[in-house]
Number of protein chains: 2
Amino acid sequence: MNASIGLYERLAARLGERGWTANPADMAPHLTEWRGRYTGTTPFLAMPATTAEVQDVVRLCAEAGAAITPQGGNTGLVGGQIPDGEVLLSLKRMNRIRDVDALNDAMTVEAGVVLEKAHDAAKAAERMFPLSLGSQGSATIGGLISTNAGGVHVMRYGMMRDLVLGLEVVLPDGSLLPALKALRKDNTGYDLKQLFIGAEGTLGVVTAATLKLFARPTEHVAAVAGAMDVAAALRLLHLAKARTGALSAFELMNRTSVDVTVKHIDGVRDPFAMAPSYVVLMEFEAGGGADLEHLVEAVLADALEEGLIIDAQVARSEAQAKSYWRLRETIPAAHRLEGAQVNMDISVPVSALPEYFAQAQALSTALHEGARMVAFGHAGDGNIHTTIMQRPGADPASFPGEAIIEAVQRMASGLGGSISAEHGIGVSRRDELPAYKDPVALALMKTVKAALDPKRIMNPRAMLEA
Amino acid sequence: MNASIGLYERLAARLGERGWTANPADMAPHLTEWRGRYTGTTPFLAMPATTAEVQDVVRLCAEAGAAITPQGGNTGLVGGQIPDGEVLLSLKRMNRIRDVDALNDAMTVEAGVVLEKAHDAAKAAERMFPLSLGSQGSATIGGLISTNAGGVHVMRYGMMRDLVLGLEVVLPDGSLLPALKALRKDNTGYDLKQLFIGAEGTLGVVTAATLKLFARPTEHVAAVAGAMDVAAALRLLHLAKARTGALSAFELMNRTSVDVTVKHIDGVRDPFAMAPSYVVLMEFEAGGGADLEHLVEAVLADALEEGLIIDAQVARSEAQAKSYWRLRETIPAAHRLEGAQVNMDISVPVSALPEYFAQAQALSTALHEGARMVAFGHAGDGNIHTTIMQRPGADPASFPGEAIIEAVQRMASGLGGSISAEHGIGVSRRDELPAYKDPVALALMKTVKAALDPKRIMNPRAMLEA
């Protein structure tokens, strides 16, 4: 007997007309990943609007032994949000800002709130929620928590994990963990919320979160600098950190990143005529009173004098700052037009970045003569998005993509690095995880999964094999 | 048959002469809590010097079904480090600084390293490890991690949890979780290290950690201000945060805190002649270039003009800054001399502090006429150490301490607060935890404990009842 007979009727009755669909046209946008890499199926799309409805959906599915794939804004990069026959649980109707407590620098929002709306709510209270990334017009708080999102301000404000004070979570049996504390300090037992942050929906469903807010910086300064090697760029990083105490982003782009972007994206240009091997984009922010622009200028002047950089510019207008960020943010769109390629999301200790850059290029070249490396990203955190592209004119079919991924990831792992700095594991990297994860760690992950979700109904294809 | 027959011989053989003792005189300092509130017993004090030795101790104990109490610097405040017949596992001989990687702003140290030594190692590399608290000359990194220690710089740098990049942990079966990553970003599965931070040794033994380092601030400014109510002090908090971006400590002391300390501690004086109801001690820090002292002066001038404070002083010398901190840090020693009293470690949302102060005094007075409240601490984090003292001259035996604790903790809990902001649960608060913790959360804690430590050998009397 199929235990799910009758399940969809029960779910539909509980959720009401607006709370579900099985109409293919309505479900379609939820079933295809935005780049088109994953397309899934589901018998039933649940769209609960309250925590109690989420609890009942999970409880009914658990009773029927039916698996669930939770979904937020469907902006994930590793396929963890696309169902393959599971009940699809969209949190998008849970989109209320429950509370903004400016005096506590905290706000409580539901899982389906889009990041940009959370930014707006913080701003309306003269505060700031600092997490910032390209998909912020679509990505939801629940998804950002479940994937422990990063973005461009991690070096100052941390990952999503660092920005969560409390979580409300529906557990795999439908019970509710109502741990929406708005406290900076609470040492009353295990910090259970940590289990669900970055768990990709495999241990429960995040329905709401209390998030940290910050004072809005009154001054912003953006600057670019050109360096001839990664080690020099790192010396600039530490100089800027120590001398200003105000560095909030430190993004590194290698020459090929800049070149392909200038080539393909209208209106993007190289800020430097001297074509430095690396362009660094820095952002600084401070409260009022400090003369940040002069401070940044002084640091860059010293860096020039010490020979760390060959040129630098401080943005004189918002438009100029935006043009720097546009160069950085359009790199992914640009490199996709350069034929066969593989993409990786690597982190290593910051001190190992020079070695990483050199080895990644050398290993790729050894496997494919003329391989071109686009390497860019959050160097201040040791996180480099790395794309290896075919040489121009080569047969795309001859490009040894898998071998290059394997070689570069092995090397990064040997440097103490990670094969998924911010994108997660999901479905796309699940099968390679055992090759990189320590076996005791992997076994402990499975112990945790089995303890919290013994029926294995929560996003069962993501992260961990059965 | 007692399974531990032969266990001590096996442990002794593995650890060698320097690695263990059963001599009462040698064990004594490990068996009494520093305030004398807990005295314990142990048949065997293990003092391993390497991770492999810790693994074998845990494995041999697990095989024999013998329980273990791990111990660091024995500075804990809730009795979690004192054995009651368990094998005592001291980590103090594991005291190596394994690695300082200044370019990665990280260092790897063993569990037995004393916090002050960690400070020194960071300083030698021109970096800073920011965790700072009264017991830093004795407290060890392993204990600070296992209790998720706080201290005076939490508002800028976070709790110990926020300062850990990677952990090496011996699991309850003796296997090793070698997760000593030195990465800011690593989304390859559950963040397992979080399980062991603040777990009070109930899920495994932390043997080493990779910690975050920071650029050393080049400027420090300390200041005190006098406020007439808590709400005004909070407005000062947010003004100082927003206007300087440099606030690293915000400590609040009520009038009684100041008065008892001036009375009992030689050389401590009230910085203000006007006897404000609350004295705020602030610390600011910044990288070079900013003129921090003038910035702080401007903020305090505005706060005076807006009527938030009635007086303020900026320290003109290191000695003056130290005198402010001496007032703050000697409060606990002073209030102990005032007769019957109870001590609590409360946190509430920062916005709820005015309500908390008013209610705590009112509830205490209702239970004991003339009750005096010493309330002080990390107001920037919502964490107020609260002592309720008898009225002078009352019979100490008539002081309703337990009833006051119950009333104040209930009230704080109702404000969304915590009954143990930074000290933990240990043995002393284990039995009251179920009254304050959500039952689903408590059940989930037990699920985690049972999954990781099914034989219940790791610090079995701490935090959770069997």
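How many residue pairs are in polar contact between chain B and chain A? In this predicted model, the count is 38 residue pairs, with both residues at pLDDT 80 or more.

**View 1. The contact between chain B and chain A.** Chain B and chain A each bring 79 residues to the contact. About 6100 Å² is buried between the two chains, and carbon and sulfur atoms give 60% of this area. In chain B, the residues that lose the most area to chain A are B:Lys185, B:Asn187 and B:Tyr190, which together make up 17% of what that side buries.

View 2. One salt bridge joins A:Asp105 to B:Lys241, with the closest N and O atoms 2.4 Å apart. On the side of chain B that touches chain A, the elements giving two or more residues are strand S9 (176-179), helix H7 (193-196), helix H8 (230-244) and helix H16 (439-452) of chain B. H16(B) gives the most to this side, with 9 residues. By class, this side of chain B has 35 nonpolar, 27 polar and 17 charged residues.

**View 3. Surroundings of A:Phe196 in the largest nonpolar core.** This core holds 89 residues, and A:Phe196 is among the members that touch the most others, as are A:Phe129, A:Ile141, B:Phe129, B:Ile141 and B:Phe196. The residues that A:Phe196 touches include A:Ile145, A:Leu167, A:Leu203 and A:Leu452, together with B:Leu444 of chain B.

View 4. A:Arg127 lies in strand S7 (residues 127-128) of chain A. A:Arg127 counts as buried because its relative accessible area is 12%, under the 20% cut-off. Its contacts include A:Asp105, A:Phe214 and A:Arg216, as well as B:His238. The C-alpha atoms of A:Arg127 and A:Pro217 are separated by 9.0 Å, although these residues are 90 residues apart along the chain.

**View 5. The salt bridge between A:Arg14 and A:Asp56.** The closest N and O atoms of this pair are 2.4 Å apart. The pair links distant parts of the chain, with A:Arg14 in helix H1 (residues 7-15) and A:Asp56 in helix H3 (residues 51-64) of chain A, 42 residues apart. A:Arg14 is partly exposed at 32% relative accessibility, whereas A:Asp56 is buried at 17%.

**View 6. The salt bridge between B:Arg59 and B:Glu63.** The side chains of B:Arg59 and B:Glu63 meet at 3.2 Å, N to O. Both residues lie in helix H3 (residues 51-64) of chain B, 4 residues apart, about one turn of the helix. B:Arg59 is partly exposed at 33% relative accessibility, while B:Glu63 is exposed at 54%.

Conventions:
Residues are numbered from 1 along each chain as its sequence is written. Chains are lettered from A and ligands numbered from 1 in the order in which they are written. This is a predicted model: local features need pLDDT of at least 70, side-chain atom pairs count only at pLDDT 80 or more; totals for chains, interfaces and linings use all residues. Side-chain values use heavy atoms; hydrogens and water are left out. Contact means heavy atoms within 4.5 Å. Buried area is the accessible area (1.4 Å probe) that two parts lose on being put together, summed over both. A salt bridge is a side-chain nitrogen of Lys or Arg within 4 Å of a carboxyl oxygen of Asp or Glu. A polar contact is a pair of N or O atoms within 3.5 Å; within protein, one must be able to donate a hydrogen and the other to accept it, and residues adjacent in sequence count only if both atoms are side-chain atoms. Ala, Val, Leu, Ile, Met, Phe, Trp, Tyr, Cys and Pro count as nonpolar, Asp, Glu, Lys and Arg as charged, and the others, Gly among them, as polar. A nonpolar core is a set of buried Ala, Val, Leu, Ile, Met, Phe, Trp, Tyr and Cys residues joined through side-chain atoms within 4.5 Å. Buried means under 20% relative accessible area, exposed over 50%, partly exposed in between (1.4 Å probe, protein chains only). Lists of a residue's contacts leave out its neighbours within four places in sequence.
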